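Dear colleague,

I am passing on a structure that I have been working through, and my notes on it follow below. Please read them with the model open beside you.

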Amino acid sequence: MSFENTAVPNQLFDAEHSAAIVASSFDATPDPRLRELLTALVAHLHAFVHEVRLTPDEWERAIEFLTATGHMCTDSRQEFILLSDTLGVSMLVESLAGEGGADLTEATVEGPFHVVASPERENGASLNDADEPGDPLLVTGRVTDEAGAPVAGATVDVWHANADGFYDVQKPEAMGVGDLRAALTTDDGGRFWFRSIVPSYYPIPTDGPVGGMLRATGRHEFRPAHVHFQVTAPGLRRLTTHLFVGGSPYIDSDAVFGVKESLVFDFPWVDDAARAAEVGLPNPFRHVDFPVVLHREEPAGTGAGGTVG
């Protein structure tokens, strides 16, 4: 077979230069960021294959694993997110995207259960539609930018597990989808508050390929107790984070590597009948205040040097 008329002769494959040969096929990619991503992906993937001398049987098993991961995905479950989480990739992506000032609230993983829209609720509302048992909880907070200015009208999307460690989408027949979720709007002072119950630590789903990976590597499947937050406002960087319950089991060994020291808070008991009546909770109740500091983005078309000409 002759290759005299081959348009790109350097694409003839050889193992020693495999990454460079494949990367050259992306040279004409119009989108420079896509070209950068694919070139780096090929470089690292081929380096991995070279380093471990991956066998055909191992590569076939890897493809089977990814295929099975896709088959586990449904409208209420995202096994690929779970895989990303348990490999620490989700945390790394969120952490790099959230880098900024030292006073900013740190980011963490979204998790696989942010799969339904949270019902819009007024500040002070109860998230516990199904009257789930658990320690009564008052969560208060205030959203500001890094200069300390309150952010009015921010959307605070909240979701968490019940006291048995289940999310609504895991037990829709008992809890109802939308239970222990809320989309709140901050007031003129940037404040938000809601009533709920203290969530429990829980195992991530282990009936799929990710669970098999954990068992094969001797890792546990538990996450410490936490409340999810996603906070958005015009002109500010979106924040995806957690509020972790201090003292929860697995706080030092989260299966998805999501814990950061700045996000661990005490949830102390409050024994105050008047305050309990004021907020509509039984006495005593637990309370946590969670200040959220967002990064203010520069307007489009500007940078450190001012407007781009």
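For the classes used below, Ala, Val, Leu, Ile, Met, Phe, Trp, Tyr, Cys and Pro count as nonpolar, Asp, Glu, Lys and Arg as charged, and the others, Gly among them, as polar. This is a predicted model, in which local features need pLDDT of at least 70 and side-chain atom pairs count only at pLDDT 80 or more, while totals for chains, interfaces and linings use all residues. Residues are numbered from 1 along each chain as its sequence is written, and side-chain values use heavy atoms, with hydrogens and water left out.

On a 1 Å grid over the protein atoms alone, a pocket is an open set of points with protein on both sides within 12 Å along at least five of seven lines, a cavity is a set of points where a 1.4 Å probe fits but cannot get out, and lining residues have an atom within 4 Å of a point. Grid points are joined across faces, edges and corners, and a volume is the space filled by probe spheres set on the points. Helices (H or I, at least four residues) and strands (E, at least two) are DSSP runs, numbered from the N terminus.

The largest pocket holds about 320 Å³ of space, and its lining consists of Ala62, Phe65, Leu66, Leu83, Leu87, Met213, Ala216 and Thr217. Helix H3 (56–71) and helix H6 (209–217) each contribute at least two residues to that lining, which by class comprises seven nonpolar, one polar and no charged residues. The second largest pocket, with a volume of about 240 Å³, is lined by Leu41, Leu45, Phe48, Leu54, Glu58, Trp59 and Ala62. Here helix H2 (32–52) and H3 each supply at least two lining residues, and the classes are six nonpolar, no polar and one charged.

By the rule given above, there is one cavity of 30 Å³ or more. The largest cavity has a volume of about 50 Å³ and is lined by Leu82, Asp85, Val109, Gly111, Pro112, Phe113, Tyr202, Ile204, Arg223 and Val256, a set with seven nonpolar, one polar and two charged residues.

The helix packing comes next. Axes are lines fitted to C-alpha atoms, for helices over the stretch in contact, with angles running from 0 to 180 degrees between N-to-C directions; angles under 35 degrees count as roughly parallel, over 145 as roughly antiparallel, 65 to 115 as roughly perpendicular and the rest as oblique. Contact means heavy atoms within 4.5 Å.

H3 and H4 (79–86) pack at an angle of about 125°, with their axes 7 Å apart, and H3 is therefore oblique to H4. Phe65, Leu66, Thr69 and Gly70 of H3 meet Glu79, Phe80 and Leu83 of H4 in this contact, which has four nonpolar, two polar and one charged residues. H4 and H6, by contrast, pack at an angle of about 25°, with their axes 9 Å apart, so that H4 is roughly parallel to H6. Their contact is made by Glu79, Leu82, Leu83 and Thr86 of H4 and Pro209, Val210 and Met213 of H6, dividing into five nonpolar, one polar and one charged.

Buried means under 20% relative accessible area, exposed over 50%, and partly exposed in between (1.4 Å probe, protein chains only). The buried residues of H6 are Pro209, Val210, Gly211, Met213 and Leu214, and they pack against H3 and H4. Just after H6, glycine 218 takes a positive phi of about 70°.

Finally, some points in the loops deserve a look. Most residues other than glycine have a negative phi, and most peptide bonds are trans. Tyrosine 250, in the loop between strand E8 (236–245) and strand E9 (264–265), has a positive phi of about 70° although it is not a glycine, and counts as partly exposed because its relative accessibility is 28%. Phenylalanine 257 lies in the loop between E8 and E9 and has a positive phi of about 60°. The peptide bond from asparagine 283 to proline 284 is cis, with omega near 0°, and proline 284 is found in the loop between helix H7 (273–279) and strand E11 (285–294).

With best wishes
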